[in-house]
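Reader: I would like to learn how to read the packing of helices and strands in a model of this kind. Could we begin with a pair of helices?

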Amino acid sequence: MYPELKDKCALVTGATRGFGRAIALRLADEGVNVAVNFRRSMTEAEQVVDEIKAHGVDAFSVRADVGKESSLRKMFDEIKSRFGRLEILVANAAWGVPGDLLNAKPKHWDITLGASARSLLDMTQLAVPMMNGWGRIISITSDGGQKVLPGYGVVGPAKAALESVTRGLAFELGGKGIVVNGVLAGLADTKSFRSIPGSEKVIEHARFHTPAGRIIKPEDIANVVAFLASNQAEMICGHFVTVDGGRNIVG
Ligand SMILES: NC(=O)c1ccc[n+]([C@@H]2O[C@H](COP(=O)([O-])OP(=O)(O)OC[C@H]3O[C@@H](n4cnc5c(N)ncnc54)[C@H](OP(=O)(O)O)[C@@H]3O)[C@@H](O)[C@H]2O)c1
């Protein structure tokens, strides 16, 4: 438990399922009030809100497409009127067009990088004035930012850009009480992963080659996000903590 997180307010993007849902619930467990962002899945978002409220904290769902700046502005207005402040921003949502790079169209690039890297920048610009000198910004990346993952297409460059934005923000905000880091997540069996061509085979392969004996679960990511939000992690600055059961140490 991290008592300093009690009564803080957080926004978790893409919190209807997968990593985002687990992160939202884990923060609620620490006494954090949570804005549950969704784009389409309103019913699921409301279910997560109910689960969070069962922890005795405040929560509400807020629709926004993180790839659209006007949509983000509206979301932050809603957060301001509901919470009046925001201390923790978890940039988890990502949306993109997988496939081969050679088939990628300019609009695929724009959509994918917009929903990932540019949205982190847009949200940080909106969030920092609401942080009042204590803040945490945490992004979620994958192997695809540094390695070629077949079928990942423009999602790889989007994750690389997200990582670079994370480091740049850590540099600019480090002296202002706002700690910026990320989690590099290993493969988990979620809906977005299943949308990548050949995902079933990749999951089977990863299960076999992960030293920890299983692929990761969303809760594994959520535990590390809670740690990065805590004061225990305040001297980690601009880094990505790898949570992959050791998959990356195996060739
Ligand atoms: N799963 C993996 O193996 C893996 C590995 C490494 C990193 N990651 C990263 O972890 C993050 C979460 O992935 P996940 O696997 O948990 O995905 P997921 O289970 O498919 O959930 C995606 C969430 O993002 C929301 N979302 C998608 N596009 C959005 C947009 N434009 N604006 C707002 N919300 C949006 C979805 O809400 P709606 O349904 O309402 O659209 C949903 O809540 C992503 O950044 C992903 O790249 C995943």
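Author: Helix packing is read from two axes, which are lines fitted to C-alpha atoms, for helices over the stretch in contact, with angles that run from 0 to 180 degrees between N-to-C directions. Here the axes of α1 and helix α2 (residues 42–53) come within 9 Å and cross at roughly 20°. Because angles under 35 degrees count as roughly parallel, over 145 as roughly antiparallel, 65 to 115 as roughly perpendicular and the rest as oblique, α1 is roughly parallel to α2. Helices (H or I, at least four residues) and strands (E, at least two) are DSSP runs, numbered from the N terminus.

Reader: What should I keep in mind about the model and its numbering?

Author: This is a predicted model, in which local features need pLDDT of at least 70 and side-chain atom pairs count only at pLDDT 80 or more, while totals for chains, interfaces and linings use all residues. Residues are numbered from 1 along each chain as its sequence is written.

Reader: Is the crossing of α1 and α2 left-handed or right-handed, and which residues in α1 meet α2?

Author: A crossing is left-handed if the near helix is turned anticlockwise from the far one by less than a right angle, and right-handed if clockwise; that of α1 and α2 is right-handed. Two residues are in contact if their C-beta atoms, placed from the backbone, lie within 7 Å, and on this basis R21, A24, L25 and A28 of α1 meet V48, E51 and I52 of α2. By class, this contact of α1 with α2 has five nonpolar, no polar and two charged residues, where Ala, Val, Leu, Ile, Met, Phe, Trp, Tyr, Cys and Pro count as nonpolar, Asp, Glu, Lys and Arg as charged, and the others, Gly among them, as polar.

Reader: At what angle do the axes of α4 and α5 cross?

Author: The axes of α4 and helix α5 (residues 155–173) cross at roughly 15° and come within 7 Å, which makes α4 roughly parallel to α5. The crossing of α4 and α5 is right-handed, and the residues of their contact divide into 11 nonpolar, four polar and one charged.

Reader: Which residues come nearest to the ligand?

Author: A residue is near a molecule or strand if its C-beta atom, placed from the backbone, lies within 6 Å of it. Of the 30 residues around the ligand, G14, G18, S142, T190 and S192 come nearest. At least two residues of the shell are supplied by each of α1 (18–29), β2 (33–38), β5 (135–142) and α6 (191–194), and the shell divides into 13 nonpolar, 12 polar and five charged residues.
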